[in-house]
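Here are my notes for someone opening this one for the first time. Have it up on screen and go through the points in order.

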Amino acid sequence: MAEGLFDLVLAGLLLMLAGGALYGRSLYTSILLFVTFGLVLALVWARLGAVDLALAEAAIGAGLTGALLFAALARQGRAPEGEFDLACRRRGLAAAAVLLPVLWLMLSSLAPLAERDSPLPELALAALPHSGVEHPVTAVLLNYRAWDTLLELAVLLLALLGARQLGSGRLDTARPWPQLRAWNAHLAPLLVLVGGFLLWRGSSAPGGAFQAGALLAAGVVSLRLAHLLPPLRWSFWPLRLLVLLGLALFLAVAAAGAWLGQGWLSYPAGWAKPLILAIEVAATLSIAASLSLLVVGERREPAP
Amino acid sequence: MSTPLFWLGVGCVLWLLGLHGLLTLRNAVRRIIAINLMGSGVFLVMVALAIRERPGDPVLVALVVTGLVVAVSATALALRLSGQLARARKGDA
């Protein structure tokens, strides 16, 4: 009963924040509500028992996406607002008339899925002793479905290349207030520690490369915003190396497996744990570098 | 009503809310927020399906973890594009 009530409150809060994020009066309010939405969503993941997701969502969904949106708002400047009015009743009725039947259709086709059992969890747990790690989610990410993770790193790299092609995203940050600087100086070592802990923990409990990478990236972004770091230039070569490191190592392991071992992305027996650990470390550094470049990356302005 | 079914419904409502926003809003940044909300709705449906049995289905959770990073990459690129578009329009005007 109490759990049901909690679910109800959480879901109500989630949907209200989503509505506010869409139809907030000013864009600033919208973005603020969207960040809050991300935090509540992290709570929902924790409630549903997906702790891996809660960690990732709090760092990525709420933190980095919020920073990206605010940066976009700063670049866009004050756009003319007031393009819609919810008060228009006819429009609302029309939308409800379309969306409610669609909702009914979706629910009636999805509801039977909620009752059906899937054979996958048992298979995943049965193969766990041979996977090299003890946490099933990490095993799926880096062993059973390593293809997904490999391609995801490629997607991240492509997004970074695309953003870089779009020219200088110069970030004009205001002078940071002293407290932000002081806090960040103390927070940074702690973030590195927690990131390392999450990475190491990932083999046996919730955590892993994505969460650690996102946390480190969030740390870099907040240090940059506090002007404690110099501008991150695309042209800085160690940074480029870091960005490529994860994908390159992953590809090397996959290719070596295909050439010398049993096949593409299948680890030789007994070698799974060290290989997964190496890939995870490289992927963490890569993800951290790519995400922080995506958010606060800059390019030297061509001299006029 | 079981917990998976409840969150399945919430995910569907969230998806439709995002769809409505995507179709009715004009501002590019708001539309990107709407797409993100639709993505969150999909993730919610997947996690609701993952908790049908205890312990949860690791495959679906891992897919959503992957999806989160892909979503933030796409959002970053889309925001860059929209910023570029706004600048081009300003240049025309």
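1. In α6(A), the buried residues are A:Val137, A:Thr138, A:Ala139, A:Val140, A:Leu141, A:Leu142 and A:Asn143. The helix runs over residues 136-144, and because seven of its nine residues are buried, the rest of the structure largely encloses it. Bear in mind as you look that this is a predicted model.

2. So what covers the buried residues of α6(A)? From chain A, the cover includes α3, α7 (146-165), α9 (209-225), α10 (237-260) and α11 (272-296).

3. Now zoom out to chain A as a whole. You'll find 11 helices and two strands there. Reading from the N terminus, the order is α-α-α-α-α-α-α-α-α-β-α-α-β. The C-alpha atoms fill a box of roughly 65 × 65 × 35 Å along the principal axes. Of the 304 residues in chain A, 46% count as buried.

4. Take the contacts in chain A between residues at least 6 apart in sequence: 74% of them join residues at least 24 apart.

5. How many salt bridges does the rule find over all chains? The count comes to three. One of them pairs the side chains of A:Glu3 and A:Arg47, at 3.8 Å from N to O. A:Glu3 sits in helix α1 (residues 2-23) and A:Arg47 in helix α2, 44 residues apart, so to speak from distant parts of the chain. A:Glu3 is exposed, with a relative accessible area of 53%, whereas A:Arg47 is buried at 17%.

6. Stay with A:Arg47, which also meets the side chain of A:Asp7 in a salt bridge, this time at 2.6 Å from N to O. Because A:Arg47 lies in helix α2 and A:Asp7 in helix α1 of chain A, this pair ties together parts that are 40 residues apart in sequence. Both A:Arg47 and A:Asp7 are buried.

7. The remaining bridge to look up joins A:Asp148 and A:Arg145, whose side chains meet at 2.8 Å, N to O. A:Asp148 is partly exposed, with a relative accessible area of 21%, and A:Arg145 is partly exposed as well, at 37%. As for shared partners, salt bridges join A:Glu3, A:Asp7 and A:Arg47 into one network.

8. On to the aromatic rings, where the rule counts three pairs over all chains. Among them is the pair of A:Tyr28 and A:Phe70, which is tilted: the centres are 5.6 Å apart, with 50 degrees between the planes. This pair also links distant parts of the chain, with A:Tyr28 in helix α2 (residues 27-47) and A:Phe70 in helix α3 (residues 51-76), 42 residues apart. Are these two buried or partly exposed? A:Tyr28 is partly exposed at 45% relative accessible area, and A:Phe70 is partly exposed at 27%.

9. B:Phe6 is buried, with a relative accessible area of 16%, and B:Trp7 is buried at 0%.

10. Last, the interface between the chains. The contact takes in 80 residues of chain A and 61 residues of chain B. Between them the two chains bury about 6400 Å², with 76% of that on carbon and sulfur atoms. Which three residues supply more of chain A's buried area against chain B than any other three? They are A:Leu22, A:Leu48 and A:Leu166, with 11% of that area.

11. What about charged and polar links across this interface? The rule finds zero salt bridges between chain A and chain B, and eight residue pairs in polar contact. On the side of chain A that touches chain B, the residues divide into 53 nonpolar, 13 polar and 14 charged.

Note on methods:
Residues are numbered from 1 along each chain as its sequence is written. Chains are lettered from A and ligands numbered from 1 in the order in which they are written. This is a predicted model: local features need pLDDT of at least 70, side-chain atom pairs count only at pLDDT 80 or more; totals for chains, interfaces and linings use all residues. Side-chain values use heavy atoms; hydrogens and water are left out. Contact means heavy atoms within 4.5 Å. Buried area is the accessible area (1.4 Å probe) that two parts lose on being put together, summed over both. A salt bridge is a side-chain nitrogen of Lys or Arg within 4 Å of a carboxyl oxygen of Asp or Glu. A polar contact is a pair of N or O atoms within 3.5 Å; within protein, one must be able to donate a hydrogen and the other to accept it, and residues adjacent in sequence count only if both atoms are side-chain atoms. Ala, Val, Leu, Ile, Met, Phe, Trp, Tyr, Cys and Pro count as nonpolar, Asp, Glu, Lys and Arg as charged, and the others, Gly among them, as polar. Rings of Phe, Tyr and Trp (its six-membered ring) pair if their centres lie within 6.5 Å; planes under 30 degrees apart count as stacked, over 60 as edge-to-face and the rest as tilted. Helices (H or I, at least four residues) and strands (E, at least two) are DSSP runs, numbered from the N terminus. Buried means under 20% relative accessible area, exposed over 50%, partly exposed in between (1.4 Å probe, protein chains only).
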